[in-house]
Amino acid sequence: MAGRAGTPRVRVRMARLEDAPGLVPLFETFYGAFFGGRVTETAVAGRLRLAAPHESVIVAEVDDRLTGFASLRVTDSLDPDPYAELADLFVEPESRRLGVASRLVKYAEGIAREHGASHIVVLTGQKNTEALAFYRSAGYEEFATAMRKPLKLAESQ
Ligand SMILES: CC(C)(COP(=O)(O)OP(=O)(O)OC[C@H]1O[C@@H](n2cnc3c(N)ncnc32)[C@H](O)[C@@H]1OP(=O)(O)O)[C@@H](O)C(=O)NCCC(=O)NCCS
């Protein structure tokens with residue numbers, strides 16, 4: 001059902017374990033092989049449980065169907081000026097450019113503020129032009145270079 005002005009009705013809220021079935025297709029598309037196993041309802045519910053102590057998982061519904069999700073980490077640290085990290089953000093391809101990610105990110109920013117974070121950071125691929133365009137439009141700007149190193153299990157300390 002469309003909203004009063006003919007635009008889809010987008011609702012954003014915290015994820016619940018009962019969202020697992022609706023999240024399966026979203027996780028399949030977003031994480032794919034990186035999920036590390038079959039994306040089943042049980043596996044998704046397990047991930048939601050694992051993430052719960054550290055991450056706020058947020059979902060978006062368009063006309064009562066899950067169409068996107070985001071996750072946010074705000075952790076206590078030595079840093080007296082703590083920041084929040086937007087860990088994941090995904091909107092199913094058919095529901096893009098409807099403002100769904102904008103709503104998810106605004107909601108995440110609200111949670112970050114409530115936790116006392118003074119700013120929010122996000123890591124995204126240098127070649128992910130869609131995400132870069134989205135984040136810029138949402139007020140984010142490049143501020144650092146991310147570096148990484150794969151950790152081998154047997155490497156000595
Ligand atoms: C990036 C992504 C989350 C954007 O979701 P979305 O719901 O389509 O974004 P919105 O509708 O809220 O877009 C808001 C504004 O961002 C900009 N924007 C979003 N997608 C864009 C694109 N593909 N190209 C150019 N600008 C874009 C536009 O300014 C847009 O406003 P407009 O539609 O009025 O022009 C979505 O494309 C996605 O899930 N991509 C794959 C996953 C991903 O890369 N996630 C981020 C990595 S952490």
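Me: Which residue just after helix 1 takes a positive phi?
Reply: Gly-32, at about 50 degrees. Keep in mind that this is a predicted model: local features need pLDDT of at least 70, side-chain atom pairs count only at pLDDT 80 or more, and totals for chains, interfaces and linings use all residues. Residues are numbered from 1 along each chain as its sequence is written.

Me: How are helices and strands defined here?
Reply: They are DSSP runs, numbered from the N terminus: helices are H or I with at least four residues, strands are E with at least two.

Me: OK, back to helix 1. Which of its residues are buried?
Reply: In helix 1 (residues 20-31), Ala-20, Leu-23, Leu-26 and Phe-27 are buried. Buried means 20 or more other C-beta atoms within 10 Å of the residue's own, exposed means 12 or fewer, and partly exposed is in between, with C-beta atoms placed from the backbone.

Me: Why are they on the same side of helix 1?
Reply: Because they cover an arc of only 115 degrees around the axis. The arc is that of the directions from the helix axis to the C-beta atoms.

Me: And what is exposed on the other side of helix 1?
Reply: Pro-21 and Thr-29.

Me: What do the buried residues of helix 1 pack against?
Reply: Helix 2 (41-51), strand 3 and strand 4. Contact means C-beta atoms, placed from the backbone, within 7 Å.

Me: How does helix 1 run relative to strand 3?
Reply: At about 70 degrees, and helix 1 lies across strand 3 and strand 4. Axes are lines fitted to C-alpha atoms, for helices over the stretch in contact, and angles run from 0 to 180 degrees between N-to-C directions.

Me: There's a glycine in helix 1, Gly-22. Buried, exposed or partly exposed?
Reply: Gly-22 counts as partly exposed, because it has 18 C-beta neighbours inside 10 Å. Its C-alpha atom is separated by 9.8 Å from that of Gly-68, 46 residues apart along the chain.

Me: Now the sheet. What order do the strands have?
Reply: The order is 1-2-3-4-5, in an open sheet of five strands with mixed pairing. Two strands pair if DSSP finds at least two bridges between them.

Me: Which strands stand at the edges?
Reply: Strand 1 (10-14) and strand 5 (119-122). Each has a single partner strand, so one side of each is left without a neighbour in the sheet. Neighbouring strands of this sheet are turned by 25 degrees against each other on average, direction ignored.

Me: How many bridges join strand 1 to strand 2?
Reply: Five, and the two strands run antiparallel. Arg-13 stands opposite Val-59 in strand 2.

Me: What about strand 2 and strand 3?
Reply: Strand 2 (residues 55-62) pairs with strand 3 in the antiparallel sense, over eight bridges. Ile-58 faces Ala-70 in strand 3. The two strands form a hairpin with two residues between them.

Me: Which residue in that turn has a positive phi?
Reply: Asp-63, at about 50 degrees, although it is not a glycine. Asp-63 is partly exposed, as 13 other C-beta atoms lie within 10 Å.

Me: Why is strand 3 largely enclosed?
Reply: Because seven of the ten residues of strand 3 (residues 65-74) are buried.

Me: How does strand 3 join strand 4?
Reply: Through seven bridges, with strand 4 (residues 83-91) running antiparallel to strand 3. Leu-72 has Leu-86 of strand 4 as its bridge partner.

Me: Switching to the ligand. Which residues come nearest?
Reply: Arg-96, Ala-101, Ser-102, Ala-133 and Ser-137, of the 18 residues around the ligand. A residue is near a molecule or strand if its C-beta atom, placed from the backbone, lies within 6 Å of it.

Me: Which element gives the most to that shell?
Reply: Helix 4, with five residues. Strand 4, helix 3 (100-114) and helix 4 (129-137) each supply at least two.

Me: What's the shell like by class?
Reply: Nine nonpolar, five polar and four charged residues. Ala, Val, Leu, Ile, Met, Phe, Trp, Tyr, Cys and Pro count as nonpolar, Asp, Glu, Lys and Arg as charged, and the others, Gly among them, as polar.

Me: How many residues of helix 4 are buried?
Reply: Zero of the nine, so helix 4 lies largely in the open. Gly-139 follows helix 4, and its phi is positive, near 100 degrees.

Technical notes
Contact = placed C-beta atoms within 7 Å.
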